[in-house]
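Have the picture open while you go through them.

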Amino acid sequence: MTEQATYGFDTLQVHAGSAPDPATGARQTPIYQTTAYVFRDSEHAAALFNLQEVGYIYSRLTNPTVMVLQARIAALEGGAGAVCCSSGHGAQIMALFPLMEPGCNVVSSDRLYGGTVTQFNRTINRFGWTARFVDTEDPGQVAAAIDDDTRAIFCESIANPGGYITDIEMLARIADDAGVPLIVDNTSATPYLCRPIEYGATLVVHSLTKYLTGNGTVTGGAIVDSGLFDWSASDKFPSLSQPEPAYHGLRFHDTFKELAFTFHGIAVGLRDLGMTMNPQGAHYSLLGIETLSLRMQKHVENAVEVASWLERDDRVNKVTYAGLPSSPSYSRMDKYCPRGAGALFTCSLKGGYDACVKFVDGLELFSHVANLGDARSLVIHSASTTHRQLTAEQQRAAGADPDVVRLSIGIEDADDLIADLDQALTKATT
Ligand SMILES: *Cc1c(COP(=O)(O)O)cnc(C)c1O
């Protein structure tokens with residue numbers, strides 16, 4: 001991306017990866033609602049199938065609308081390339097797939113989105129992969145969990161739902177020493193607030209479903225590669241460093257260099273796993289990303305105001321928002337997300353589980369949904385919903401105790417949000 005060096009974030013979020021449509025001059029990126037693309041001739045078709053020429057074959061692999069989104073997200077994260085896919089959970093599988101084989105493990109932070117805990121704890125076992133959960137506050141514990149079969153370290157930049165800021169640089173150093181990539185889920189922060197590659201992350205994964213699209217319309221995911229990891233330095237990553245029989249013995253790392261992971265993600269990952277993003281979804285995500293910085297500024301401003309108000313209220317036990325000086329993560333904000341700690345946090349109520357349920361039912365402006373990162377303010381009681389499948393210890397580790405509600409602060413007027421919270425707290429505690 002040569003664009004990165006010259007343009008600022010706000011310019012890139014509008015322009016990166018796009019150009020007026022060569023066929024019509026259309027200024028907005030068209031929705032290329034097509035499954036297949038006509039080959040110029042048989043030679044052209046053969047070259048495309050051999051990966052000797054880059055082009056469009058079939059929309060399970062590549063689509064021009066999705067390609068613009070991929071280029072835009074790569075530019076915003078400061079990566080060499082990106083692959084989009086059908087969901088954030090799809091992105092996590094797509095990120096691990098080129099790295100893992102049966103018997104391999106990923107060392108993961110235990111502060112995670114509830115669905116990721118379940119995916120890592122159970123579902124990936126069916127592929128012969130395991131996750132080892134560690135407390136990323138303890139570098140010794142992280143290093144001790146790594147063995148010869150470890151293929152990655154995984155964490156979230158701002159961990160959902162507790163709003164905990166991970167020491168990415170420390171984890172990147174441990175990953176580096178072990179010769180494995182660090183994968184950072186940057187969904188809650190977005191590249192506007194945090195750019196994990198600058199602190200040594202190799203791969204960044206996203207749920208586009210959340211802030212990047214920003215309006216609750218799309219389910220999508222992305223994997224960004226820094227392009228900086230040497231896949232051939234050891235024999236740990238044969239999918240990227242060794243000959244690929246399905247492409248006549250082509251070696252992805254040798255051939256595509258810093259784009260090896262991205263090309264593998266498309267040519268093998270999307271081809272065979274089929275977790276493809278659709279062009280309509282990519283269009284909505286592109287529209288959302290055009291205003292990312294503006295929305296995130298307002299999300300953060302509102303979150304600071306609402307969290308501060310809640311913290312002062314005597315019906316509230318505790319607010320875990322990294323943007324408050326009371327948070328243990330507050331001191332990491334300057335380094336990792338100087339523009340703010342996002343807009344997602346939890347709040348524990350003095351009335352416990354029962355008060356949480358009444359509070360959620362009493363809110364009028366906040367929507368009770370299993371989502372976050374919408375323009376609208378959202379609430380959920382994690383322990384009875386998103387984190388229900390977890391054990392009590394896992395709930396605690398994830399910051400989803402029974403007396404805790406998760407708030408995703410939208411871009412409405414902060415005064416209206418506070419008034420709604422106030423009336424619902426009254427209903428919950430009387
Ligand atoms: C929502 C979310 C996911 C999963 O994304 P989907 O698009 O719902 O599959 C993963 N990680 C985090 C941090 C999330 O918030």
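1. Let's begin with a term. A polar contact is a pair of N or O atoms within 3.5 Å; within protein, one must be able to donate a hydrogen and the other to accept it, and residues adjacent in sequence count only if both atoms are side-chain atoms. Keep in mind that this is a predicted model, so local features need pLDDT of at least 70 and side-chain atom pairs count only at pLDDT 80 or more, while totals for chains, interfaces and linings use all residues. Residues are numbered from 1 along each chain as its sequence is written, and side-chain values use heavy atoms, with hydrogens and water left out.

2. Now the ligand. A polar side-chain atom of Asp-185 sits 2.6 Å from one of the ligand's nitrogen atoms. Thr-209 also uses a polar side-chain atom, 2.6 Å from an oxygen atom of the ligand. With His-89 it is a polar backbone atom that lies 2.9 Å from a ligand oxygen. On its own the ligand has 370 Å² of accessible area, and the protein covers 92% of that (areas come from the Shrake-Rupley method with a 1.4 Å probe; for residues, only the protein chains shown count as cover).

3. Who else is around the ligand? There are 14 residues around it, and Gly-88, Asp-185, Ser-207, Thr-209 and Lys-210 come nearest (a residue is near if one of its heavy atoms lies within 4 Å). By class, the shell has two nonpolar, nine polar and three charged residues. For these classes, Ala, Val, Leu, Ile, Met, Phe, Trp, Tyr, Cys and Pro count as nonpolar, Asp, Glu, Lys and Arg as charged, and the others, Gly among them, as polar. Helix H5 (residues 88-96) gives the largest share of the shell, three residues. Helices (H or I, at least four residues) and strands (E, at least two) are DSSP runs, numbered from the N terminus.

4. On to the pockets. Rolling a probe the size of a water molecule over the atoms shows where empty space is left. Here a pocket is an open set of points on a 1 Å grid over the protein atoms alone, where a 1.4 Å probe fits, with protein on both sides within 12 Å along at least five of seven lines; lining residues have an atom within 4 Å of a point. Grid points are joined across faces, edges and corners, and a volume is the space filled by probe spheres set on the points.

5. The largest pocket has a volume of about 540 Å³. It is lined by 28 residues, and Val-54, Gly-55, Thr-62, Phe-263 and Ile-266 are the closest to its centre. Which helix gives the most to this lining? That would be H12, with five residues. The lining splits into 20 nonpolar, five polar and three charged residues.

6. The second largest pocket comes in at about 460 Å³. Of the 26 residues lining it, Gly-162, Tyr-164, Lys-318, Thr-320 and Gly-399 lie nearest its centre. Strand S10 (316-320), helix H15 (330-336), strand S11 (344-349) and helix H17 (392-397) each give two or more residues to this lining. By class, this lining has eight nonpolar, 11 polar and seven charged residues.

7. Most residues other than glycine have a negative phi. Leu-51 is not a glycine, yet its phi is positive, about 60°. You'll find Leu-51 in the loop between H3 and H4. Is Leu-51 buried or exposed? Leu-51 is buried, with a relative accessible area of 19% (buried means under 20%, exposed over 50%, partly exposed in between, with a 1.4 Å probe and protein chains only). Lys-257, in the loop between helix H11 (252-256) and H12, also has a positive phi, near 50°.

8. Last, a few aspartates and an arginine. Asp-374 is in the loop between strand S12 (367-368) and strand S13 (378-380), and at 7% relative accessibility it counts as buried. A polar atom of the Asp-374 side chain lies 3.1 Å from the backbone nitrogen of Arg-376. Asp-314, in the loop between helix H14 (292-312) and S10, is exposed at 61%. Arg-396 belongs to helix H17 and is exposed as well, at 51%.
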